[in-house]
Amino acid sequence: MGYKNNNVGYRDGLLESRAVVEKGLYAILPHDGLVNNSIPGFENVRISILGSAAIGASFNDYIAEFMEGGKNTRGFGGEGLETFAYVISGKLKVSNDAKEEYLLEDGGYAFFPVNELMYFENAQKEMTEVFLYQRRYEAIDGYKAHKVVGNKADLQAIEYEGMKDVLLWDFLPTDDFGFDMNIHILEFQPGASHGYVETHYQEHGAYLLSGQGMYNLDNKWFPVEKGDYIFMGRYSLQCAYAVGRDEPLAYIYSKDANRNPQL
């Protein structure tokens with residue numbers, strides 16, 4: 001049940017959900033169950049808060065549907081925050097206080113560095129779906145991040161750890177210490193998987209863009225599919241394999257990077 005899958009009102013059968021929440025460790029939030037949140041600045045936008053400190057994350061993730069006339073003129077982000085937007089489908093105008101404006105279409109993305117607000121406007125009559133991210137920037141002397149705007153279609157896919165049926169797209173520079181995080185898309189062809197069960201300090205927030213699969217979280221296996229959101233906490237065991245026939249399992253996800261854990 002929920003607004004994202006247009007399944008509201010009385011249900012025929014028992015109330016049930018695939019959602020799993022182990023705060024600080026991992027979580028799976030399917031479309032079924034998401035609620036429409038009211039967030040200052042967003043007008044004519046249906047938006048759900050996904051990852052947040054309340055679930056154990058050091059970032060906020062959102063899934064937003066900009067309806068006709070949907071916008072944010074108040075600004076997304078704030079003092080000390082860096083922001084990222086990815087257009088899943090549709091057309092979105094993104095601008096900043098300097099009146100620089102960018103048109104993002106399917107696969108388009110924008111990263112704004114710390115203290116630079118993002119402003120949004122739906123650039124079509126139809127709904128535009130957007131994945132949004134914000135995080136408090138961890139600065140280090142001698143380095144700073146810069147604005148990045150692009151489109152996935154213009155990037156070269158990387159064979160993930162040498163596997164031809166697992167592809168990776170990096171949206172931000174991976175060798176610049178000015179960036180304390182990155183956003184990627186990882187795509188598994190049906191039958192493909194990670195090469196091993198990962199255990200690491202970095203945390204992830206992942207929104208599934210297509211396909212179906214099985215995800216291992218803390219050595220428990222869960223079915224996942226397009227529209228699900230997955231939070232993976234620090235040192236939570238994690239890996240996946242794709243199932244199905246024709247559609248790859250693909251998700252956009254964040255990862256903190258380029259920093260030493262603070263003591």
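## Ground rules

Residues are numbered from 1 along each chain as its sequence is written, and side-chain values use heavy atoms, with hydrogens and water left out. Since you are looking at a predicted model, note that local features need pLDDT of at least 70 and side-chain atom pairs count only at pLDDT 80 or more, while totals for chains, interfaces and linings use all residues.

Strands here are DSSP runs (E, at least two residues), just as helices are runs of H or I with at least four, numbered from the N terminus. Two strands pair if DSSP finds at least two bridges between them.

Q212 belongs to β16, which covers residues 212–217 and pairs with β19 in the antiparallel sense over six bridges. Both strands are part of an open sheet of three strands with the order β17-β16-β19 and antiparallel pairing. At its edges are β17 (220–225) and β19 (238–243), each pairing on one side only. From one strand to the next, the twist averages 25 degrees (axes are lines fitted to C-alpha atoms, for helices over the stretch in contact, and angles run from 0 to 180 degrees between N-to-C directions).

## The eight-stranded sheet

A second open sheet has eight strands, again antiparallel, in the order β1-β2-β18-β15-β20-β14-β13-β12. Its edge strands are β1 (20–22) and β12 (158–159), and each pairs on one side only.

Let's look at the strands around β20. Strand β14 (residues 181–188) pairs with β20 (residues 249–256) in the antiparallel sense over eight bridges. Along this pairing, F188 has L249 as its bridge partner, and N182 stands opposite K255. β20 also pairs with β15, antiparallel and over four bridges; here Y207 faces I252 and S210 faces A250. β15 in turn pairs with β18 (residues 229–232) in the antiparallel sense over four bridges, with H204 opposite M232.

How covered are these strands? Buried means under 20% relative accessible area, exposed means over 50%, and partly exposed lies in between (1.4 Å probe, protein chains only). For β15 (residues 204–210), seven of its seven residues are buried. In β20, seven of the eight residues are buried, so this strand is largely enclosed by the rest of the structure.

## A buried histidine in a loop

H200 lies in the loop between β14 and β15. Its relative accessibility is 16%, so H200 counts as buried. The H200 side chain reaches the backbone oxygen of Q202 at 2.9 Å. Leaving aside neighbours within four places in sequence, H200 is in contact (heavy atoms within 4.5 Å) with R234, Y235 and Q238.

Rings of Phe, Tyr and Trp (its six-membered ring) pair if their centres lie within 6.5 Å, with planes under 30 degrees apart counted as stacked, over 60 as edge-to-face and the rest as tilted. By this rule the model has 21 aromatic pairs. Ring pairs also join F42, Y62, F66, F76 and F120 into a cluster.

Notes:
Polar contact = N/O pair within 3.5 Å; in protein donor to acceptor, adjacent residues only side chain to side chain.
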